[in-house]
Amino acid sequence: MIPLIVAFPLAAAFLTSILPALRRERFSKHLFLIGMLSPWLILPQIINNLPSNEVVGNWSRVSGIEVAVDAYNIPFIVAELILSAFVALYVWGYYPRKIENKAYVLILLLHSGLLGAFISRDLFNYYIYMEIASVASFALVGISKEKGARRAAFKYTVFSLLASYIFILGIGIIYLKTGYLNLALIKENLEMSREINVALALSFTSLLLKSGIFPLHFWLPDAHSKADAPVSALLSGLVVKAPAYGMILLTLTFPINTSMQKTLLTLAFLSMFFGIAMAILQKNSERLLAYHTVSQMGYVLLGISLLNPLAAAYYALAHSLFKGGLFLSVGSLAEHYGTRDLEKLSYRNNKSLMLAIVLLSLAIGGVSPFIGAFGKAMLIENLKGFLKYAFYAGGIGTLVSFTKLNYYLSKRGEKIEIPRRKEAISLSLGILTLLGGIYLYPHLSVFKDSISLVIAIFIFYLLRKLGVFEVSFKAFTPEQFKTLGKEINAYMVLFTAVLLLFLFNFL
Amino acid sequence: MINPELAGIIIILIGLYGLMTKENLIKIVLSINVVSIGLVLFFIGTGYIEGGDVPIMPREKVVDPLPATLMLTTLVVDVAITSLALALILKMRREEE
Amino acid sequence: MKMSLIVRTTTKLISPFLVVYSAYLMVYGHLSPGGGFQAGVILAVSVILLITSHGYRRVRKTFKFWEVQLIEGISGGFLVLLATAGVVFGGFFYNFLRGGEIGSLISGGTIPLFNIGVALKVGAAFTFMFYILLRWVERD
């Protein structure tokens, strides 16, 4: 039964793609919605039989492809289904008639690719589905209205594709040494050797690039900020989670030695603080949110490097809900104002969007009854000493940056009309983060949260007085390079350097 | 003696060199293709057995069919991405004009 | 854009044979080297050869844009539905038509059907990609 959650959206994608040839384009909306929502029909059965696994086509495990649902991937699947359902309702009628059908097909392919990646227990099958999702997302970034979107999409395509090839090289070495691609069988027949370490270094580097962790994050802010609002929500909320799931699969299968663990831990903290520092300096609303994705993926990597995959999975669930909601709500404001400049946006005339953004900001800051607090509580269990304080500092940094967002948005602005449906979707995602948090982790720590909020607001006013928000900062933007070719060359050297670093580190 | 796996890795490195030094966007796409060809060679090399035959049922010594099958899938991805990247280049050129 | 008479005549002669070869690979894919993907590529090459020699405008009149799109989508949908039909008999992608002695044409069960679907899908998709890129280039 499990593969059916991939089959329905995939069939809907193919059927939607033939509608223009039959001159029935007006039905593509309906078919799209059916395809996006159909996996919900199978979800109750999957949850009832948890954990379950199945080999496709009733082959034996050695010769077939295994799919499974268990405690580690159910948070990913649930996050995917919830966020994609909201995005599907948001996208209904969003694109102009000319590209409507293509956008629907691409979003359906993205949906099925992500679901396929999240259920697979076979390295190559995982790669293929992740690639379906990535190819669809390159194209979705490319069809955006924003200027410079094509450039961002090209950069995203080149780096993501190179990372995939390096990943398959890693898979190839694993296959050469163990003779299997199925993770359970690899685990049974595993003998650690230098070659396996090389393979792990290659695959971790490429998955780190694909999930946008600090030194390899360079494609992420451009691609996520240039895309249209619903596509940004999908990219930030879900597409970067597929490589994170791959890392979880690898840590569950292979023994991770301490030096490797330390490297990943360092990268996680670097990514957290770098993302926050860059987000505080941004003036573009979408770019601010995109840098927060870099920082939040650091939290997910933290869970993976502490060998606590369950925490990483639940943090990924939390992140996809609030980041998707933030992109949708801020994106609808930006779209109706016709600009993405933070100074010109305002939610003051729009009470429900205001409520939604405040709720989601509290959730991303990890304030207690919200779902972010649950993820953070799971992550902090394994941290000791100094790292614990660094973790709290990261939480406060996130709150500072979102104080800034809310401060700019609460200024007075022109009056605009935003459709009821978009407001309702943003608001319901905001309420969902609250309800999900209460359901999963009913704790309330008023004292700690109010202290961190007060510190965050204090730091925000301090930074404002110091004039940090007026600084115009050109680093890590496409403008600092003369041509796109030069930019790609420079970042490629960086990628190769990180790859070599990992290879030396893991050997 | 050089074996196909080693040759594949050398070709991948040549592709990486191209990606690091060439500015022309079409050359970047071609370098990516060179990387993918090196990868295909590496995989086919892993499955090859000296004197092996076609892997269809009543034969004894056969080559490993799985790497070849996997590479077909990779080639499909490669074709899809190449055409997408070329389309993006065309569109970028048009925007610049 | 047209090429010389010799090229046009040769490609016209070769293309039908390529289609026949591709059909052979599709149907006998489970018994001999070959299979859906290779058959599809050869099918696409037969059209792409005609495009290079006769030009896009001429070929578009015979193999219409919407027909290629239709074949692509239908074969993709057919593959997924065939795989889903296996659920009724025991599992996703279950081979429910098994029968015949080993080595005969029908012994593959659903595998030849999958090969045909894949071949049509790949062939149509490659042709479609060429059409789209050429439509962009020829516009100016």
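Helices (H or I, at least four residues) and strands (E, at least two) are taken here as DSSP runs, numbered from the N terminus. The structure described is a predicted model, in which local features need pLDDT of at least 70 and side-chain atom pairs count only at pLDDT 80 or more, while totals for chains, interfaces and linings use all residues. Residues are numbered from 1 along each chain as its sequence is written, and chains are lettered from A and ligands numbered from 1 in the order in which they are written.

Chain A contains 21 helices and two strands. The C-alpha trace of chain A extends over about 65 × 60 × 50 Å along its principal axes. Of the 507 residues of chain A, 58% are buried, a residue being buried if 20 or more other C-beta atoms lie within 10 Å of its own, exposed if 12 or fewer, and partly exposed in between, with C-beta atoms placed from the backbone. Two residues are in contact if their C-beta atoms, placed from the backbone, lie within 7 Å. Among the contacts in chain A with a separation of 6 or more, 79% join residues 24 or more positions apart.

Within chain A, helix α4 (residues 74-91) packs against α15(A) at an angle of about 10°, and the two axes are 8 Å apart. Axes are lines fitted to C-alpha atoms, for helices over the stretch in contact, and angles run from 0 to 180 degrees between N-to-C directions. The arrangement of α4(A) and α15(A) is therefore roughly parallel, the class for angles under 35 degrees, whereas those over 145 count as roughly antiparallel, 65 to 115 as roughly perpendicular and the rest as oblique. Residues of α4(A) in this contact include Phe76(A), Ile82(A) and Phe86(A), and those of α15(A) include Tyr314(A), Leu317(A) and Leu321(A). By class, the contact of α4(A) with α15(A) comprises 14 nonpolar, two polar and no charged residues. Ala, Val, Leu, Ile, Met, Phe, Trp, Tyr, Cys and Pro count as nonpolar, Asp, Glu, Lys and Arg as charged, and the others, Gly among them, as polar.

Helix α15 (residues 309-337) of chain A also holds Ala318(A). Ala318(A) is classed as buried because it has 31 C-beta neighbours inside 10 Å. When residues up to four places away in sequence are not counted, Ala318(A) touches Ile371(A), Gly372(A), Phe374(A) and Gly375(A). Between Ala318(A) and Asn349(A), 31 residues apart in sequence, the C-alpha to C-alpha distance is 29 Å.

Chain C has five helices and zero strands, and its C-alpha trace spans about 55 × 30 × 20 Å along the principal axes. Of the 140 residues in chain C, 41% are buried. Residues 24 or more positions apart supply 69% of the contacts in chain C with a separation of 6 or more.

Chain A contacts both chain B and chain C. In the contact with chain B, 30 residues of chain A meet 28 residues of chain B. On the chain A side, α6 (123-142), α7 (149-178) and α21 (484-506) each give two or more residues, and the largest share, 14 residues, comes from α7(A). That side of chain A has 19 nonpolar, seven polar and four charged residues. The contact between chains A and C takes 14 residues from chain A and 18 residues from chain C. The side of chain C that touches chain A has 10 nonpolar, eight polar and no charged residues.
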